[in-house]
Amino acid sequence: QVQLVESGGGLVQPGGSLRLSCVASVTVFSWRVMTWFRQAPGQQRDLVAMITPDGNTNYSDSVKGRFTISRDNAKKSVYLQMNSLKPEDTAVYYCNTGSQGNLPWGQGTQVTVSS
């Protein structure tokens, strides 16, 4: 009965910005570590960012300083602000809980960075 719905992706030029959103219809949302993953064609799904219930954040080295994760517990939502985008950021982006992804995956949202 869980549901993860991502949105906000699109086509942007290198150096551009996007803000991704995820609505998580899950129990005890405020107690969960929320995470963003991404998967490029032919590659594994990799952890990009995480945020703890008290707001502590961590990022992969490839996005540190460019991406910002945030959450709104009242809306059961998690966000990913993506700045200074690079072609290598092109991927399908997914939200989930925990560092391994504990819930069934949603459909994700496509981010394409190209000139």
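Start by selecting Y94: this residue is buried, with a relative accessible area of 10%. Keep in mind as you click around that you're looking at a predicted model.

**Stop 1: the rings**

What kind of aromatic pair do Y94 and W105 form? The two are edge-to-face, with 5.8 Å from centre to centre and 70° between the planes. Y94 sits in strand β9 and W105 in the loop between β9 and β10, so this pair ties together parts that are 11 residues apart in sequence. Now check the surface around W105: with a relative accessible area of 31%, W105 is partly exposed.

Next, bring in F37. A search of the whole structure turns up two aromatic pairs, and here is another one to look at: the ring centres of F37 and W105 are 5.1 Å apart and the planes stand at 85°, so this pair is edge-to-face. F37 belongs to strand β4, while W105 is in the loop between β9 and β10 (109-113), which puts the two 68 residues apart. F37 is buried, at a relative accessible area of 3%. Show F37, Y94 and W105 together and you have a cluster linked by ring pairs.

**Stop 2: charges over rings**

Select R45, and you'll find it over the face of W105, at 3.8 Å from the ring centre. For another example, jump to R19 and Y79: the charged end of R19 sits over the Y79 ring, 4.7 Å from its centre.

**Stop 3: the salt bridges**

How many salt bridges are there to find? The count comes to three.

Pick D89, which is buried with a relative accessible area of 0%. R38 lies in strand β4 (residues 34-39) and D89 in the loop between β8 (77-82) and β9 (91-97), so the pair ties together parts 51 residues apart in sequence. R38 is buried too, with a relative accessible area of 13%.

R66 comes from the loop between β6 (57-59) and β7 (67-72), 23 residues away from D89. R66 is buried, at 12% relative accessible area. Through shared partners, salt bridges join R38, R66 and D89 into one network.

Finish with K64 and D61, whose side chains meet in a salt bridge at 3.4 Å, N to O. Buried or exposed, what are K64 and D61? Both are exposed.

Conventions: Residues are numbered from 1 along each chain as its sequence is written. This is a predicted model: local features need pLDDT of at least 70, side-chain atom pairs count only at pLDDT 80 or more; totals for chains, interfaces and linings use all residues. Side-chain values use heavy atoms; hydrogens and water are left out. A salt bridge is a side-chain nitrogen of Lys or Arg within 4 Å of a carboxyl oxygen of Asp or Glu. Helices (H or I, at least four residues) and strands (E, at least two) are DSSP runs, numbered from the N terminus. Buried means under 20% relative accessible area, exposed over 50%, partly exposed in between (1.4 Å probe, protein chains only). Rings of Phe, Tyr and Trp (its six-membered ring) pair if their centres lie within 6.5 Å; planes under 30 degrees apart count as stacked, over 60 as edge-to-face and the rest as tilted. A charge sits over a ring if NZ of Lys or CZ of Arg is within 6 Å of the ring centre and within 35 degrees of the ring normal.
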